[in-house]
Each structure stands twice: as C-alpha cells, then as structure tokens.
Amino acid sequence: MSRRILVTLELVTGVTGLAGGVLLAAAPDGSLLRTDPATLAGSPFTDWSAPGVLLAGLVGGGFLLAGWRQWRGRGHARELSMTAGAGLGCFEAAELAWLGFQPLEAVFAVAGVIVVLLAWSTPRPQP
C-alpha cells in the first residue's frame with residue numbers, strides 16, 4: 001500500500017512540476033500562472049524562464065522518472081525516489097531563500113519529506 005502511495009505522490013508531483021515549469025517558461029512574465037515578476041526581486045533571476053526550466057526538468061522530470069521506476073519495480077527505484085524527495089526539499093529551501101515564503105513551498109517540501117520516508121520504508125529488491 002505504501003508503495004502505491006509513493007508512486008501516486010511521485011507521479012502527481014512530477015506532473016505538477018512539469019506543468020508549472022512549462023507554463024513559467026512559456027510565459028516568463030508569469031502571466032499564465034498569475035505569478036508576479038516582482039517576486040523575483042533580490043533573486044538571481046530576472047524573469048520566470050530559468051525557474052520554469054528548473055522546475056520542469058528537476059522536479060517534473062525527476063519525479064516522473066522516480067515514479068515510473070517505482071511503478072515498474074526497476075533497479076535503484078528506492079534510491080532514485082529518496083534522491084528526488086531530498087532534491088525537492090533542497091529546491092524548496094533555495095526557493096524560500098530567494099523568494100521568501102510561498103504557501104506552495106511548504107506543500108511541496110512536505111511532499112518531498114513524505115517521498116523520502118516512504119521510499120526509505122520500501123524494501124530493497126533482492127538480487
């Protein structure tokens with residue numbers, strides 16, 4: 001049951017990250033997500049294109065890959081899931097440092113922690 005929850009959480013997080021990242025990169029002014037460009041003041045970014053690419057690639061792609069490998073029972077799926085969850089925590093910490101608190105940061109940081117814990121509890125496949 002926990003593996004099913006893990007796969008679902010990874011795939012939902014991956015699709016959400018990919019969609020959000022593509023929308024930010026497609027409209028770097030943030031208009032598609034109603035994101036204020038002034039939020040980027042003091043960050044290393046001048047518009048939402050680079051954060052969008054990072055979100056789509058790292059979070060979206062990483063979580064979709066981890067979820068797919070978990071679903072298919074592929075080798076190193078456990079480790080990939082833990083890496084994706086920890087990576088999301090780091091991503092959200094950087095976002096917090098650069099942009100200040102945003103409610104979705106907390107939601108995705110918690111999702112990252114849950115993914116790490118669920119993956120940790122997943123038994124290692126026997127060789």
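The exercises below, each with a worked solution, concern the predicted model shown above.

Residues are numbered from 1 along each chain as its sequence is written. In this predicted model, local features need pLDDT of at least 70 and side-chain atom pairs count only at pLDDT 80 or more, while totals for chains, interfaces and linings use all residues; side-chain values use heavy atoms, with hydrogens and water left out.

**Exercise 1. Overall form**

Task: State which secondary structure the chain has, and compare its radius of gyration with that of a compact globule.

Solution. 

Step 1. The chain has four helices and zero strands, where helices (H or I, at least four residues) and strands (E, at least two) are DSSP runs numbered from the N terminus. The order of elements from the N terminus is α-α-α-α.

Step 2. The radius of gyration is taken over C-alpha atoms, and the globule rule is 2.2 Å times the number of residues to the power 0.38. For 127 residues the rule gives a value near 14 Å; the chain has 15 Å, so the two agree.

Step 3. The C-alpha trace spans about 50 × 25 × 20 Å along its principal axes.

Step 4. Buried residues make up 35% of the 127 residues. Here buried means under 20% relative accessible area, exposed over 50%, and partly exposed in between (1.4 Å probe, protein chains only).

**Exercise 2. The aromatic pair**

Task: Determine how many aromatic pairs the model contains, and classify the geometry of phenylalanine 45 and tryptophan 98.

Solution. 

Step 1. A pair of aromatic rings is described by the distance of the centres and the angle of the planes. Rings of Phe, Tyr and Trp (its six-membered ring) pair if their centres lie within 6.5 Å; planes under 30 degrees apart count as stacked, over 60 as edge-to-face and the rest as tilted.

Step 2. Under this rule the count is one aromatic pair. The ring centres of phenylalanine 45 and tryptophan 98 are 5.4 Å apart and the planes stand at 85°, so the pair is edge-to-face.

Step 3. The two partners are 53 residues apart and link distant parts of the chain: phenylalanine 45 belongs to the loop between α1 (2-26) and α2 (49-72), and tryptophan 98 to helix α3 (residues 77-99).

Step 4. Phenylalanine 45 has a relative accessible area of 18% and is therefore buried, whereas tryptophan 98, at 40%, is partly exposed.

**Exercise 3. Charges over rings**

Task: Identify which ring lies under arginine 72 and which ring lies under the charged end of arginine 78.

Solution. 

Step 1. A charge sits over a ring if NZ of Lys or CZ of Arg is within 6 Å of the ring centre and within 35 degrees of the ring normal.

Step 2. Arginine 72 is placed over the face of tryptophan 71, 5.7 Å from the ring centre.

Step 3. For arginine 78 the ring is that of tryptophan 120, with the charged end 5.2 Å from its centre.

**Exercise 4. Positive phi values**

Task: Locate arginine 34 and histidine 76, and give the phi of arginine 34 and of histidine 76.

Solution. 

Step 1. Most residues other than glycine have a negative phi.

Step 2. Arginine 34 is not a glycine, yet its phi is positive, at about 55°. This arginine 34 lies in the loop between α1 and α2 and is exposed, with a relative accessible area of 80%.

Step 3. Histidine 76, likewise a residue other than glycine, has a positive phi near 65°. Histidine 76 lies in the loop between α2 and α3, and at 62% relative accessibility it counts as exposed.

**Exercise 5. Burial and separation**

Solution.
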